[in-house]
Amino acid sequence: MLASEMKDHVIIVGRGHLGSHLVDHLRQTARPYVLVEKDSMAVDDLIRAGEPVIVDDAKQESTLIDAGVDRARLIVITSNVIETALLVTKRARDRNKKATIIVRCYLDEFTEILESLGANEVISSSKSAFNEIATHIGAVAAPR
């Protein structure tokens with residue numbers, strides 16, 4: 001019910017490690033969000049706290065509609081399942097042309113496909129780690 005009233009909110013798909021951090025940040029900053037997670041055990045604490053959680057499969061278009069995908073400002077897909085990332089990106093973009101869609105994808109070879117389906121940004125774990133480590137390499141390897 002909370003999700004049906006939201007507008008200009010963030011939709012987080014998946015409450016793994018990254019999804020948990022994002023939800024914590026959104027709660028601390030009082031930003032409106034909806035979390036979609038199919039494992040009820042993973043979100044039991046949030047449900048008991050009255051947070052806007054949808055326990056269902058994000059790959060289902062009806063689940064995205066329940067999350068208010070048509071009215072969302074930002075959709076962040078954190079799932080480790082590439083099929084979920086692909087289907088949610090496509091379905092979210094079909095229903096909302098203006099939202100920013102960010103996909104965390106651990107397989108670099110899917111970046112172009114996700115972008116062609118409507119992702120504004122695809123962030124891979126290895127790419128993020130490389131960027132962070134490269135700054136340290138540059139600092140350590142600087143000529144003396």
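Predicted model: local features only at pLDDT ≥ 70, side-chain atom pairs only at ≥ 80, totals over all residues.
The accessible surface of this protein comes to about 8400 Å², and 55% of that area belongs to carbon and sulfur atoms. Of the 144 residues, 37% are buried. As for charge, there are 18 positive and 21 negative side chains, and the centres of these two sets lie 4 Å apart. The C-alpha trace spans about 60 × 35 × 25 Å along its principal axes.

The protein contains six helices and six strands. Along the sequence they follow the pattern β-α-β-α-β-α-β-α-β-α-β-α.

In what order do the six strands stand in the open sheet? The order is E3-E2-E1-E4-E5-E6, and the pairing is parallel. At the edges are strand E3, residues 53-55, and strand E6, residues 121-123, each of which pairs on one side only. From one strand to the next, the twist averages 15°.

Within this sheet, please consider strand E1, residues 10-13, and strand E2, residues 33-37, which pair in the parallel sense over four bridges. Here Ile 12 stands opposite Leu 35 in E2.

Two helices deserve mention. Helix H1, residues 17-28, lies across E1, E2, strand E4 (74-77) and strand E5 (100-104), and runs at about 155° to E1. Helix H4, residues 82-95, lies across E1, E4 and E5, running at about 180° to E5.

Finally, a word on contacts. Taking those between residues at least 6 apart in sequence, 55% join residues at least 24 apart.

Note on methods: Residues numbered from 1 in each chain as written. Heavy atoms only, no water. Buried < 20%, exposed > 50% of the residue type's maximum accessible area, 1.4 Å probe, protein only. Contact = heavy atoms within 4.5 Å. Areas by Shrake-Rupley, 256 points an atom, 1.4 Å probe, with all protein chains shown as cover. Lys, Arg positive; Asp, Glu negative; His and termini not counted. Charge placed at Lys NZ, Arg CZ, Asp CG, Glu CD. Pairing = 2+ DSSP bridges. Axes fitted to C-alpha atoms, helices over the stretch in contact; angles between N-to-C directions.
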